[in-house]
Amino acid sequence: MPLDAERIAQLGSWRLDPRTGDAFLSGGLRELAGLDATAGMDDLLRRVHRDDRSALKAFSAKLRMATDDEILEVAVRDCSGTRAYQVRGRATVDDEGVPRLLHGTVQDVTDRHLMERQFDQDRRLFSDAQRVARLGTWEWHIDTGECIWSTTLYDIFGVAPGTPVTYESYLQMVHPDDVGWVQERWDEGGRTGQRVECENRVIRPDGTVRVCLCRGEPLAEGAGIVIGTVQDVTEQRSIQDRMQRSSQRFTDLLAVAPVGIGLFDDDNRLVDANDALCSLLGRQLEAVRGLPAAELLHAEDQAGEDAPDRHGPLVAGLRVLASASGKPVYCELSSTESVADDGRKFRLVVFSDVTERLRVAQQLRYQATHDDLTGLPGRTAVNELLRELLSGEHAERVALLFCDVDNFKRVNDSMGHDAGDELIVALARRLERGLPVGCTVGRMSGDEYVVICADIDRAGGVETLTRSVSSLLKAAVPVRGQLLRVSASIGVAVPDGPDTTGADLLRFADAAMFEAKAKGAGRVALANPKMIASANSQMYLEGQLREAIANDGLVLHYQPVVGPDGRVLSAEALVRWPHPERGILPPGEFLPVAERGDLLRELDRWVLRTALREASTWPEHSGHPVCVAVNLSGLVPGDADFVDVIATSVVASGIPWDRVIIELVETLLIDLPERSRTAMDELVERGVRFAVDDFGTGYSSLARLKELPAQIIKVDRRFVSGVATESADFAVARALVDMGRAMGRSCVAEGVETATQFHVLRGIGVEAFQGWLMSRPIPPGQFRQLLRKGPVHIPEGS
């Protein structure tokens, strides 16, 4: 082949005599390989990339074994790896089949390979683009109805690739509600040759519905072929729908939002407002539209340091709007900048009316330092006043009287809490009017008052002041048309040194008050060193109890509640304190400490948490699960977190809800606010039961039985003890059981100690029994053993 032709074809030829090794390289081949005229075959082979030499060697071996005119090929690269060559060869053999000549060509195919790779890459990118865009292509032969789909289109329609597709099979996949107009549009496009675009729903073979945007147009006029695309736009349409709904919700929100919302333009003029903002201003929208932001403010706000200028924006924070009546409206403002659909900037300002909140905050600040019922200074105010007086130069003249109304609980129980509140208020007014100058009266809690004297010498001395306060609290007070004769036990304390704090003085006076109460109603006691030591001991014991609660230093004993057949139905958890110095302490010895130290809530939380955890692992008794009852006195239904604390403890323990019984004394269940009853109902719906403890001893118990939100009634031991010997106790017990049964409550008798009591109570319909006759309160291990032994012994007879 002439050299020029080889150059044009980027081709060179070669010949090799396998017997002699003589080789011929054409001029074109030498130019391709960059060889001079003296170079031979070995020089050519050294121009081959080292990674391709083994392939070339294998090619040479096969060529020497090839038959006559059999053409072999191999692809190699140059040393740099940048150029690609196609090597072809064939052998000419003699009559005996031995190669006598090997010859062939070497062609530079670099550009062709690049084009092929580019084509492959373009085809791959086109396929990936279809897949990413969820865009498939198709071709429709109108005459035959045959359709050709791309791989992505098969995937969009959920059909196996390669499945034969026709125009009719496509229509079968269109949603039944869309197929009519879709077919009409494509048939018309096929007849007229016009471009067609439609968006419709498609039902895939697996039943899922997709939204597809289909476009198509004729390939060429008269060709009878339509080509086009299908794009899955399900997600885009879903997003658009959500955006439209969101936009509509935003519009609706502006209309119904309870807060005022205003839109201000670039010049800080009001261009739009919702009804709530117009209501705050007391003006119609047209009357305020176009006003500068500053003109919406009250005069007192416009005079402030951060008041906006006439053309400036409203500053976020607390602002005072001017209503049409001139009344100031306090609002908390927040704002943000945004851009409208037409590109104009605007500022969205939210006006939250906090007028009532500020009023409530002021009221709360007052309530934080004053008692709600009486209006007297409360615990916080008392502590602040004592701190102030004891840090002054006449601290040694300060005196504190701690007063506790005698037998106040009896007033609540016999006449009701409203009457008790009326008595508390009446005594507060007597103290306010009757105390000498320099004395302040405060209410600590319940029926407890304190009198703080800034200068006891000016008041005539401790004895004179004490006598005056005692006479004020010892009187006949008219309550609900009756004269109630009351008195108070009073404890008096004065500083015992310069280091005495207000908390110390309160503790000392409190201890003295308990000393006075122990002597009888209406008595007075002055704190002495022994009492102060006792108060310090109380504080020490309180600290130990606090530590025991925090570190699980308490234990629970369980007393079973037994049915008439001896089956254990439930067990009441009773707390004990293994004191490191005094041994096991019963509740009666440390509950007063907890009450005076404000630890009852924490103690209740510990008992609840521990009892539920231990009960969750109890074995069944006689084939039935055993419930656990927890008696609460500090954590009560009126507390905001009452339900949350119980629910959290139940969930943490894993015990079923219907195995939990919460026992509360009757007085805690009377006059509950609706919120508390709703919270209790929520627990009852989950399975928790409430029991009213010591029933029959509170105020108007029988009359209010139907109002108590409890499923279990525990008949007080005071009636149980005399049920077999006292006709009155028997009558009360039978009435309670009958009324409870009529109202769907179950009855548990407490303090059952004799077989006679058991039989009498069972005879009047009591369903469960608790007392030493069945079992004393026992530690957790012994209680488990009791459950494993089977039914508890029940006395025979009737």
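This is a predicted model: local features need pLDDT of at least 70, side-chain atom pairs count only at pLDDT 80 or more; totals for chains, interfaces and linings use all residues.

Colleague: Why is Val 792 called buried?

Modeller: Buried means under 20% relative accessible area, exposed over 50%, and partly exposed in between, with a 1.4 Å probe and protein chains only. Val 792 has a relative accessible area of 12%, so it is buried. You will find Val 792 in the segment after helix H27 (780–788).

Colleague: What is Val 792 in contact with, leaving aside its neighbours within four places in sequence?

Modeller: Contact means heavy atoms within 4.5 Å. The partners of Val 792 are Val 562, Gly 566, Val 568, His 621, Met 774 and Leu 786. Val 562 is 230 residues away along the chain, yet its C-alpha atom and that of Val 792 are separated by 7.5 Å.

Colleague: How do you know that the length of H4 agrees with its number of residues?

Modeller: Helices (H or I, at least four residues) and strands (E, at least two) are DSSP runs, numbered from the N terminus. The expected span of a helix is 1.5 Å times one less than its number of residues. For the 12 residues of H4 that should be 16 Å, and the end C-alpha atoms are 17 Å apart, which agrees. Helix H16 (residues 417–434) has 18 residues and should span 26 Å; its end C-alpha atoms are 26 Å apart, so this agrees too.

Colleague: Which residues of H4 are buried, and what puts them on the same side?

Modeller: Leu 56, Phe 59 and Leu 63 are the buried ones in H4. They cover an arc of only 55° around the axis, so they are on the same side of H4; the arc is that of the directions from the helix axis to the C-beta atoms. These buried residues pack against E1, H3, E3, E4 and E5. On the face turned away from the buried side, H4 carries the exposed residues Ser 54, Lys 57 and Lys 62.

Colleague: What makes a space a cavity rather than a pocket?

Modeller: On a 1 Å grid over the protein atoms alone, a cavity is a set of points where a 1.4 Å probe fits but cannot get out, whereas a pocket is an open set with protein on both sides within 12 Å along at least five of seven lines. Lining residues have an atom within 4 Å of a point. Grid points are joined across faces, edges and corners, and a volume is the space filled by probe spheres set on the points. By this rule there are three cavities of 30 Å³ or more, and the largest cavity holds about 140 Å³.

Colleague: How does the lining of the largest cavity divide by class?

Modeller: Ala, Val, Leu, Ile, Met, Phe, Trp, Tyr, Cys and Pro count as nonpolar, Asp, Glu, Lys and Arg as charged, and the others, Gly among them, as polar. The lining of the largest cavity has 11 nonpolar, no polar and no charged residues; among them are Trp 138, Cys 147 and Tyr 167.

Colleague: And which helix gives the most to the lining of the second largest pocket?

Modeller: H4 does, with seven residues. That pocket has a volume of about 570 Å³, and its lining divides into 18 nonpolar, one polar and seven charged residues.

Technical notes:
Residues are numbered from 1 along each chain as its sequence is written. Side-chain values use heavy atoms; hydrogens and water are left out.
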